[in-house]
Amino acid sequence: SYGVRTAEMSVDWNAVQQRVQEVVAGMREMNRKNFTSIPKLDFILGTAGFQGTRLIEVRDKNGAIRRLAAEKIFINTGTRPATPTIPGLERVESLNSESVQRLPLLPGHLVVIGGGYVALEFAQMFRFLGSQVTVLEQGPQLLKNEDTDVAEALLEILRADGIDIRLNCSINRVEKSGSETAVICGDQNDLIRVAGSHLLIAAGRVPNTEELNLTAAGIKTNKRGFVDVNERLETSAPGVWALGDVNGGPQFTHASLDDYRIVKANVFDREQRATTDRLIPSTLFTEPELAHIGLTEKQAKQQNLAIRVAKTAVASIPRAKTMGETRGFIKVIADVKTDRILGCTILAAEAGEILGTVQMAMIAGLPFTALRDAVFSHPTLVEGFNTAFSGF
């Protein structure tokens, strides 16, 4: 459509994997050097568990045990992919978000259980690489926390990309079927069978806390195993903090980074910072991207807030037309009395990037008119805010 002619496309799966491994290895090595280059910092690789309030026992890969005592301890052990309880799952081969990236061959037909971020990002990626993909979501919509209109718009886009998405698909069991794995959905009176070459389980994450022996230190967890913390990220044990995914907060790397800044400010810089009222953006890295910050329309109504809602189609933005990606919309929510922006959802190319403009306006407490009347460069995607905020 742009007048550029290319040869037939092909995917070199080995090269794809090699690049992924090189990027990850490079980032790991950079982080390792950041630790080992710090004077007076001992970097110990091992499995740790509490032996008392401020006493930790560490076992290294060779089985050697070392005991460490400290006035301040910070837990940041993260999470791992969850394995749901599904009859037959223990008898078939399945993949998670980590192992799916190490497959020796590109899947012929990838069946995905789940309808959240991990499920949709991998589903679209493998579809673009040439795999047949089926997504099984037990709920009535994808991305259960999003507004219905947002979830339906994304559903339409993914189906247009050739992904078979089945909603309200309760998983009955999984079983081996020759060289394939079959997922049986529904109840005994209405069963649906979906078979594929590979099965990806994308059903959330669980915290890495089982081996920490938290009870020995008096550290409380919730029923899902996440470490309980207050707004300053302090645990129930004096002198112990929990940061990142393990504390059950927003499961994003940028939220973990902000956890560090909060703890550093309170513990070392004698400042006062907390997790309350912080604005944490989210971005689903599909094409187009889905980015969000603040309240959804559903959340605002649940809080009985007086709001005004406006939507504008991405197709109305000149830059989107020149890019050839006109799918999606910008949806904004503002307070009726103060005109302050309460939330924004963007389904568009580069949505995660342009969301930052709204985030800065919300942090500054600006009224929506500031973005409605701003003069943005033409043609850019951020120009869409002129139109979106004029919809009130």
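Ala 242 touches Ile 75, Val 227, Val 229, Leu 233, Thr 235 and Asn 247, leaving aside residues up to four places away in sequence; contact means heavy atoms within 4.5 Å. Ala 242 belongs to strand β14. This is a predicted model, in which local features need pLDDT of at least 70, side-chain atom pairs count only at pLDDT 80 or more, and totals for chains, interfaces and linings use all residues. Residues are numbered from 1 along each chain as its sequence is written, and side-chain values use heavy atoms, with hydrogens and water left out.

- Ala 242 is buried, with a relative accessible area of 0%.
- Buried means under 20% relative accessible area, exposed means over 50%, and partly exposed lies in between (1.4 Å probe, protein chains only).
- The strand that holds Ala 242 is β14; strands (E, at least two residues) and helices (H or I, at least four) are DSSP runs, numbered from the N terminus.
- Thr 47 is 195 residues from Ala 242 along the chain, and their C-alpha atoms are separated by 17 Å.

**Aromatic pairs**

- The structure holds 10 aromatic pairs.
- Rings of Phe, Tyr and Trp (its six-membered ring) pair if their centres lie within 6.5 Å; planes under 30 degrees apart count as stacked, over 60 as edge-to-face and the rest as tilted.
- Phe 74 and Trp 241 form a stacked pair, because their ring centres are 5.0 Å apart and their planes are at 25 degrees.
- Phe 74 lies in strand β4 (residues 73-75) and Trp 241 in strand β14 (residues 240-242), so this pair ties together parts that are 167 residues apart in sequence.
- Trp 241 is buried, at 10% relative accessible area, while Phe 74 is partly exposed, at 36%.
- Tyr 117 and Phe 252 form a tilted pair, because their ring centres are 6.3 Å apart and their planes are at 50 degrees.
- Tyr 117 lies in helix α2 (residues 117-129) and Phe 252 in the loop between β14 and α4 (253-268), so the pair ties together parts that are 135 residues apart in sequence.
- Tyr 117 is partly exposed, with a relative accessible area of 24%. Phe 252 also counts as partly exposed, at 24%.
- One aromatic cluster is formed by Phe 368, Phe 385, Phe 389 and Phe 392.

**Charges over rings**

- Arg 308 lies over the face of Phe 392, 5.9 Å from the ring centre.
- Lys 311 has its charged end over the ring of Phe 329, 4.2 Å from the centre.
- A charge sits over a ring if NZ of Lys or CZ of Arg is within 6 Å of the ring centre and within 35 degrees of the ring normal.

**Salt bridges**

- Side chains of opposite charge can pair when their charged atoms come close.
- A salt bridge is a side-chain nitrogen of Lys or Arg within 4 Å of a carboxyl oxygen of Asp or Glu. The structure holds 21 salt bridges.
- Asp 149 forms a salt bridge with Lys 311, and their closest N and O atoms are 3.1 Å apart.
- That pair links distant parts of the chain, with Asp 149 in helix α3 (residues 148-160) and Lys 311 in strand β17 (residues 307-313), 162 residues apart.
- Asp 149 is partly exposed, at 24% relative accessible area. Lys 311 counts as partly exposed, at 44%.
- Asp 269 bridges to Lys 264, with the closest N and O atoms 2.8 Å apart.
- Asp 269 is partly exposed, at 33% relative accessible area. Lys 264 is partly exposed, at 33%.
- Glu 297 bridges to Lys 301, with the closest N and O atoms 2.9 Å apart.
- Both Glu 297 and Lys 301 lie in helix α5 (residues 297-302), four residues apart, about one turn of the helix.
- Glu 297 is buried, with a relative accessible area of 19%.
- A network of salt bridges links Asp 147, Asp 149, Glu 297, Lys 301, Lys 311 and Lys 331.

**Glu 289, a buried charge**

- Glu 289 is found in strand β16 (residues 289-294).
- Glu 289 is buried yet has no salt bridge. The nearest side chain of opposite charge, Arg 327, is 12 Å away.
- For charge, Lys and Arg count as positive and Asp and Glu as negative; His and the chain ends are not counted.
- The side chain of Glu 289 reaches the backbone nitrogen of Gly 352 at 2.9 Å.
- Glu 289 touches residues including Thr 283, Leu 284, Ile 346 and Gly 352.

Note on methods
Polar contact = N/O pair within 3.5 Å; in protein donor to acceptor, adjacent residues only side chain to side chain.
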